[in-house]
Amino acid sequence: MTFLKSQLKNNRFLIIVLLAYVAVGIFAPDKFLPSLGNTWYYVKEMLLIMPVILLLTSLISAWVPKETIENAFGQNSGIKGSLFAFLLGSFSAGPIYAAFPVCKMLLSKGASIANIVIILSTWAVIKIPMLITESKFLGPEFMVVRWILTTLAIFLMGYLTSRFVKPEDLPADDEAAATDGPLALNADYCVGCGLCAKIAPNHFKMVGKKASIISQTLSPGDGLTITDAVAKCPARIIRFYN
Amino acid sequence: MDVFTLIFWVITLVWLGFSLKKDKGKTLQAIKMSGGLMKGIAGDILGILLLIGLILTFVPPETIKATIGQANEVVSTVLFALLGSITLIPAFVAFPLVASLVDAGASIVPIVAFLTTLTMVGVVTFPLEKREFGLKFTLIRNSLSFAFALVIALAMGVIL
């Protein structure tokens, strides 16, 4: 029953649309099949592109050395830092709010305000998997022109924001938030990939679309699996105080 | 399949081959992660695609053309930018939706404004962003993003 409930809650949008279809079937049956036919065309297009996006996102997360890029922020500001910020945003996965904790961590490593804006914006609008989808549905020319214009705008926005906002305007890190054990997790930013629950099933579980901690007890050997889960989390939301 | 999609397929498959050969475990785990991400939005994707089918059947292309076509581009662009700001759907899902509107004859200027604000301006995620980066940063970043979304959209209209 709870499973059904969470499924209903997670797919609220789909259910509303399905109800609309039921209504169409009853009140305008002649429009029912044409609607499905129109949908089918876009489903086919989606199926052509989805496996590529899935694989490419996986390959990027496996092989693009994000740690190297992230570590470079401390020392590099200026053009080089901005370029790294742009690359980091381009090779990411997940919605913009998944970038918040990543950026927060980079700020503590000494990243500049301008570079944080560059990461957030690039992550949001012009990451690689998204460009491929855009090119598929709206044409390569559309994608390239929008990419160029957006890239220019992003660098300009980074510069402008850094003129108005100074580092002391940002709130201090409230890292020491109340935890009653070695593990802490900020579910607000969870993208729901479920990797932590797969790597360390004794400590993490997916509740609905969000990860949650189910155990704070550490047995010998747990440290390694948890550290692995912390490192693999795409939104970097797990904290492990060992 | 068009050439671009084909190129992406080829690049991805070649890369996948190398990746599997070099580190099978790492590759499979990464696929599991993005599979999880994808599964999370699968319901939304299907919902949007079904909605597109309904819209295209019930709203004739002529109406779409008249509403977001030539008729007062500035107003419709600002409206679409606002709509994009308050909506939180994955861009991945938004592309087929806007493509269906463009196919039906909608002008690309409001479409671009919508796409840009959809992902870059977040009214729904504003409280989260404010908590992490403070009010000033969040206000300025979101306002600049909104303004630049309009600029990009208008520039696209001139270029394409």
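## Interface between chains A and B

Two residues are taken to be in contact if their C-beta atoms, placed from the backbone, lie within 7 Å. On that basis, 75 residues of chain A are in contact with 67 residues of chain B in this predicted model. On the chain A side, at least two residues each come from helix H2 (12-27), helix H3 (29-63), helix H6 (99-108), helix H7 (113-125), helix H8 (128-138), helix H9 (140-164) and helix H10 (195-199). H3(A) supplies the largest share of that side, with 22 residues.

Sorted by class, the side of chain A that touches chain B consists of 48 nonpolar, 16 polar and eleven charged residues.

## Confidence

The model has an ipTM of 0.85 and a pTM of 0.80. For chain B the mean pLDDT is 86, with 96% of its residues at 70 or more. Among the elements of chain B, the highest mean pLDDT, 94, belongs to helix H8 (residues 135-159), and the lowest, 70, to helix H3 (residues 61-68). Where pLDDT is low, the predicted coordinates should not be read in detail.

## Nonpolar core

The largest nonpolar core has 113 residues, and those touching the most other members are A:Ala99, A:Ile119, A:Leu120, A:Cys196, A:Ala229, B:Val98 and B:Val112. Helix H2 (residues 24-58) of chain B contributes the largest share of this core, 13 residues.

## Domains of chain B

Chain B is divided into domain 1, covering 1-43, and domain 2, covering 59-159. The centres of domain 1 of chain B and domain 2 of chain B, taken over C-alpha atoms, are separated by 29 Å.

## Annotated transmembrane regions

For chain A, an unreviewed UniProt entry lists "transmembrane region" at residues 12-29, 41-63, 83-100, 112-132 and 144-161. In the model, residues 12-29 of chain A are 94% helix and 0% strand, with 24 Å between the end C-alpha atoms. Residues 112-132 of chain A are 86% helix and 0% strand, and their end C-alpha atoms are 30 Å apart.

For chain B, the UniProt annotation "transmembrane region", also from an unreviewed entry, covers residues 37-59, 79-102, 108-128 and 140-159. The span 37-59 of chain B is 96% helix and 0% strand, and its end C-alpha atoms lie 33 Å apart.

Key
Residues are numbered from 1 along each chain as its sequence is written. Chains are lettered from A and ligands numbered from 1 in the order in which they are written. This is a predicted model: local features need pLDDT of at least 70, side-chain atom pairs count only at pLDDT 80 or more; totals for chains, interfaces and linings use all residues. Helices (H or I, at least four residues) and strands (E, at least two) are DSSP runs, numbered from the N terminus. Ala, Val, Leu, Ile, Met, Phe, Trp, Tyr, Cys and Pro count as nonpolar, Asp, Glu, Lys and Arg as charged, and the others, Gly among them, as polar. Domain bounds come from an automatic or database domain assignment. A nonpolar core is a set of buried Ala, Val, Leu, Ile, Met, Phe, Trp, Tyr and Cys residues joined through C-beta atoms within 7 Å. A residue is buried if 20 or more other C-beta atoms lie within 10 Å of its own, exposed if 12 or fewer, and partly exposed in between; C-beta atoms are placed from the backbone. pLDDT is the predictor's confidence in each residue, from 0 to 100. UniProt positions are given in the numbering used here, feature names are shortened, and annotations may be inferred rather than shown by experiment.
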